[in-house]
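Subject: Structure for you to look through

Hello,

Please open the structure below and keep it on screen while you read. My notes on strands, helices and a few backbone details follow it.

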Amino acid sequence: MQLPPPILNDDERVKAVERLGLLDTLPEERFDRLTRLASSIFGCHFATITFIDAERQWIKSSVNLDLGESARELSFCAHTIAQKEVLVVHDTCNDERFRNHPYVTGCPHIRFYAGVQLMAEGQPVGALCVFDTEAKQFDETSIEQLGNLGKLVESELQRQQVTELSNQLEEYQRRLARTQKITRVRSAILEKVVNAVSLQDVLNDIVYAIENEFSEQICSILLLEDGKLKKGAAPSLPDFYNEAINGVEIGVGVGSCGNAAATNTLTIVEDISTHPFWASWKGLAVKAGVGSCWSQPIQDSKGQVIGTFAIYHKEKAVPSSEEIILIGQFAHIASIAVERELAKALIWKQANFDVLTGLPNRNLMLDHLQLAMVSADRDGEKVAVIFLDLDNFKDINDALGHDLGDKLLVECAERIKKALRAKDTVSRLGGDEFIIILNGISGLSSVEAVVQKILDAIAKPYMLDPQRVHSSASLGITIYPDDGRDVTNLLKNADQAMYGAKGKGKNSYQYYTHEMQTAAIKRITLLNDLRYAVKNKELFIEYQPICNFDSKKVVKAEALLRWQHPEKGRIPPDEFIPLAEESGLIIEISNWVFDEVCRNIKHWKSRFCSELQISINTSPSQYFNAESNITEWLNLLLDRGISARSILLEVTENLLMEANDMVSKKLFEFRQAGVDIALDDFGTGFSSISYLKKFPTDYIKIDKSFVKSMTDVSNDKVLCEAIIVLAKKLGISVVAEGVETQEQYDILKRMGCDYAQGYLIARPLSEADFESFLIAH
């Protein structure tokens, strides 16, 4: 048996292991889940996560191994941490390092081993490994997968370190808060800061409180505005002195306060009469009776200078270390008062104006609308409320980036403002939504003139360096008091009318109608009913078989959600699924679908078709919502003894367009566990080959809209063939949806398509009918 190789700086490595705080601790599910996953992925009987200190190997998590620790020199993992590459021993009996190892010749009789080092604080602290009692081959793909699992373990270690550091910081802050003593002056000043009405009163109270406590000191607070120091509070200095320095521009060497503000540092002038900073103001200082000046910059919470706090003495003087601390504390207290006033102004602005465009936001818009309604009632006029939404803004934003998207919004806001009359207002609700209020309306002609002007302005090209961008808008119009007499209904009406305009083809406007309100009420009622559909067992699943072109055998099917309403009958999926998406109910419903599919597929695979795979449509919400726990499906598969290959997850192009790191991580977790991924409705959205390269994709599903009108001489045939060739080059299988005729089937088969789905094969079937179909086929 060969001993593990030595490691440079092993003392530092051991310290890093100890700082993790994981040695001699109880098992944790976050690690156990990963060892179970590793054992499952690589088909190994054993899997462990271990940490290695100076003398031993501590096994934090294991699968099928009844061992808590071992000597370091007996540890396979001690060899693993000594190298950056994954350590793979295909057959220990043929490896001189391990053929006589006690764990090879004795229990657990290791014949195969693969391990990857785990890094923390830049040190190899342990290993994730899988091993078995039989020799195995371990290819490059397996090595990459093991490395990826190791990264997941390292991310758990990093999360723990951050948590521990946060706890240490919180403890330090608590100790600091307990031990800090608040002086009598500080308490008095803070009380005045809290209770004072105006900034001027607060600043004067600060100065008086300090001067009362330290009678030999004269205090001055100056505020920085546009590079100049303005009088804040200096009641004990002569008026002529305050007026002389009021408005002085800051600069290096410009008095004590001017220098402090310019350099953002404490400036101490022990003797005004001899110091060069005061050369221009010596006579003024003599007349005011001051001999020294110490000035501390007043900083905001970001460290930017917002003023100065100065202490004058009648004679020349140097501050003690304690006085320097006090000056800093007094300046900080003054900053609280000044920042409070600045924050009040900023809060009001942020509460009422959009940060990006500078337009009034929803809050101020509501005030404007209320005033417009009151004015209209008084003058016997009307008010038009217009809901404007940019067309395809999300696509522009995703394609060109958020920076150019923001520039487009700013330019749109300017164009809308210029298209309005002086008495009209526009506000931004958020995103690409704007509300326009037209005051003093006497007839619809005046509304339409403004609306057309807005549409024309927005439709002109945008020169957003370096891009030339085109956009348009959809406008919904409602009239006060004709369509509604309160703000809520007016905004709701305008919103509904805007969606009506989008339905007409965009770049248009539409007035609110009562038919829109009826449709909205129907939608709300349906949503309420949907909330109880799972509980009341109104939802069910149909399964549509998918045929293999080569063998003509059905080994796949798609699970399709259906709703049988007790009063309204069957509700089409395109009506209730969007409602489930918008309301968040889709997560609960999808979990129910997964449970039902798991229950059925285990039975069907054991009885009728061992190769059967059921595809499940998944919602973007399940990947973006941190609370959806869609990856818990992997644990459910393990718990129920269902092969990961039994399930295929279908995702949409929209999900990949909007995907972030969290989405990518979830998709790769499924892929690493063995679950196949399919890209649904391929070709109907903003398809990009980069998605196929960046995200795990096992199947492409050609949308039925291409197949439906496909003939031997159609463009759809060319598109389908291009998709199939592309997929083949990338090693991706292709499923054609909507195959309804033998001609379509034959064309797709000649192209080399892998699978067919559609009415020609079978319509969606109930559980019982699908089971009969499996028996018959």
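Strand 13 (residues 382-390) pairs with strand 15 (residues 433-441) in the antiparallel sense, over 7 bridges. Two strands count as paired if DSSP finds at least two bridges between them. Strands (E, at least two residues) and helices (H or I, at least four) are DSSP runs, numbered from the N terminus. In this pair, leucine 388 stands opposite phenylalanine 434 in strand 15. Strand 13 also pairs with strand 18 (residues 473-480), again antiparallel, over 8 bridges. There, alanine 384 stands opposite isoleucine 479 in strand 18. Buried means under 20% relative accessible area, exposed means over 50%, and partly exposed is in between (1.4 Å probe, protein chains only).

Before the rest, two notes on the source. This is a predicted model, in which local features need pLDDT of at least 70, side-chain atom pairs count only at pLDDT 80 or more, and totals for chains, interfaces and linings use all residues. Residues are numbered from 1 along each chain as its sequence is written, and side-chain values use heavy atoms, with hydrogens and water left out.

Strand 23 (residues 613-617) is also largely enclosed by the rest of the structure, because 4 of its 5 residues are buried. Alanine 557 has isoleucine 614 of strand 23 as its bridge partner. Strand 23 pairs with strand 24 (residues 647-651) as well, in the parallel sense over 4 bridges. Isoleucine 614 has isoleucine 647 as its bridge partner in strand 24. As a general point, the side chains of a regular strand alternate between the two faces of the sheet.

An open sheet of 6 strands has the order 3-2-1-6-5-4, with antiparallel pairing. Its edge strands are strand 3 (69-71) and strand 4 (87-89), and each of them pairs on one side only. On average, neighbouring strands of this sheet are turned by 25° against each other, direction ignored. Within the sheet order, strand 5 (residues 112-120) and strand 6 (residues 123-132) run antiparallel and are joined by 9 bridges. Alanine 120 stands opposite glutamine 123 in strand 6. Helix 1 (residues 10-20) packs on the sheet and touches strand 1 (46-52), strand 5 and strand 6, with its direction at about 75° to that of strand 6. Touching, or contact, means heavy atoms within 4.5 Å. Helix 2 (residues 29-42) lies across strand 1, strand 2 (56-63) and strand 6, and runs at about 70° to strand 2.

Now the helix pairs. Two packed helices are described by the angle between their axes and the distance between the axes. Axes are lines fitted to C-alpha atoms, for helices over the stretch in contact, and angles run from 0 to 180 degrees between N-to-C directions.

The axes of helix 18 (residues 573-583) and helix 19 come within 5 Å and cross at roughly 115°. Ala580, Glu581 and Ser583 of helix 18 make the contact with Leu585, Ile586 and Ile589 of helix 19.

Helix 19 (residues 585-607) also meets helix 28 (residues 767-776): their axes come within 12 Å and cross at roughly 25°. The two helices are therefore roughly parallel to each other (angles under 35 degrees count as roughly parallel, over 145 as roughly antiparallel, 65 to 115 as roughly perpendicular and the rest as oblique). On the helix 19 side, the contact is made by Glu596, Arg599, Asn600, His603 and Trp604, and on the helix 28 side by Glu767, Phe770, Glu771 and Leu774.

Last, some backbone details. Cysteine 107 and proline 108 are joined by a cis peptide bond, with omega about 10°. Proline 108 lies in the loop between helix 4 (102-105) and strand 5. Another cis peptide bond joins tyrosine 480 and proline 481, with omega about 5°. Asparagine 9, in the segment before helix 1, has a positive phi near 55°. At 58% relative accessibility, asparagine 9 counts as exposed.

Regards
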